[in-house]
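I opened this notebook to record what I looked up, residue by residue. The entries are kept brief.

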Amino acid sequence: MATNFWTSTHYKELLDQEEVDVVHNVDKERGITLDDFKLIKLHMTNYIARLAQNVKVRQRVIATAVTYMRRVYIRRSLSEFDPRLVAPSCLYLASKSEESTVQARLLVFYIKKLHSDEKYRCEIKEILEMEMKILEALNYYLVVFHPYRALSQLVQDAGMSDATQLTWGLVNDTYKTDLILVHPPYLIGLACIYVASVLKEKENTAWFEDLRVDMNVVKNIAMEILDFYDTHKTITDERVNAAMHKLPIRT
């Protein structure tokens, strides 16, 4: 496992937002819009989290699985790689790469328990086959750095120990967006501390200045996080279901 972010494949794989917000042509032909694309990825992020809670893995495994899922759709279409199979397969792969291995049969068991909808059902063999396709789509780059790594220390340094839970929750929510594909994790972590500072009405300007980071970038990420919360309020089950109905039926 790489220990230096700047020499890692994660750093080399960072993209511009414009490169992430691309709907593949085959998906466009099915009427899938950019808004649909984002809704489906959000829905699958929540699905991974629910599944992970049932099989009892650490938050880091969830974050890695979501990162894999979001990376996959940079290179593969929703029509080609059914997200209802990709999501549990990414969780299966992440559990191995984060050394918290979950058995595929356990995932299959909980998928059946969580979903009565046949479209979500899958067999062990399908997860194992999709795992190989995901590995190929990821170019076998499995290293993922997360903001959690230095978060507790940074929160303490900022004199915001009372906001540890709030900041951690903000970081968790960033995985419902594509921020991890665009920005270095430490900047995402700092943006979450910045948002927590604003919410807690804590003056931290001097502390941030001492870090010598580009505050414009930190504030822009913070705005994206706040924009996500605003947008999230408008998301309904109807909108998510309408987007999911545009996916081809798995045979």
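The entries below concern a serine, a histidine and the cysteines.

**Basis.** I worked from a predicted model, in which local features need pLDDT of at least 70 and side-chain atom pairs count only at pLDDT 80 or more, while totals for chains, interfaces and linings use all residues. Residues are numbered from 1 along each chain as its sequence is written, and side-chain values use heavy atoms, without hydrogens and water.

**Entry 1: Ser 89.** I located Ser 89 in helix H6, residues 83-97; a helix is a DSSP run of H or I with at least four residues, numbered from the N terminus. Ser 89 counts as buried because its relative accessibility is 0% (buried means under 20% relative accessible area, with a 1.4 Å probe and protein chains only). I found a polar atom of the Ser 89 side chain 2.7 Å from the backbone oxygen of Leu 85. Beyond neighbours within four places in sequence, Ser 89 is in contact (heavy atoms within 4.5 Å) with Ile 127, Met 130, Glu 131 and Ile 134.

**Entry 2: His 183.** I placed His 183 in the loop between helix H11 (179-182) and helix H12 (185-199). His 183 has a relative accessible area of 14% and is therefore buried. Setting aside neighbours within four places in sequence, I listed its contacts as Leu 14, Ile 188, Val 217, Ile 221 and Glu 224.

**Entry 3: cysteines.** I looked for disulfides (pairs of cysteine sulfur atoms within 2.5 Å) and noted 0. The closest cysteine sulfur to that of Cys 90 is in Cys 122, at 12 Å, which is too far for a bond. Cys 90 is buried, because its relative accessibility is 0%. Cys 192 also counts as buried, at 0% relative accessibility.

Terms used:
Helices (H or I, at least four residues) and strands (E, at least two) are DSSP runs, numbered from the N terminus. Buried means under 20% relative accessible area, exposed over 50%, partly exposed in between (1.4 Å probe, protein chains only). A polar contact is a pair of N or O atoms within 3.5 Å; within protein, one must be able to donate a hydrogen and the other to accept it, and residues adjacent in sequence count only if both atoms are side-chain atoms.
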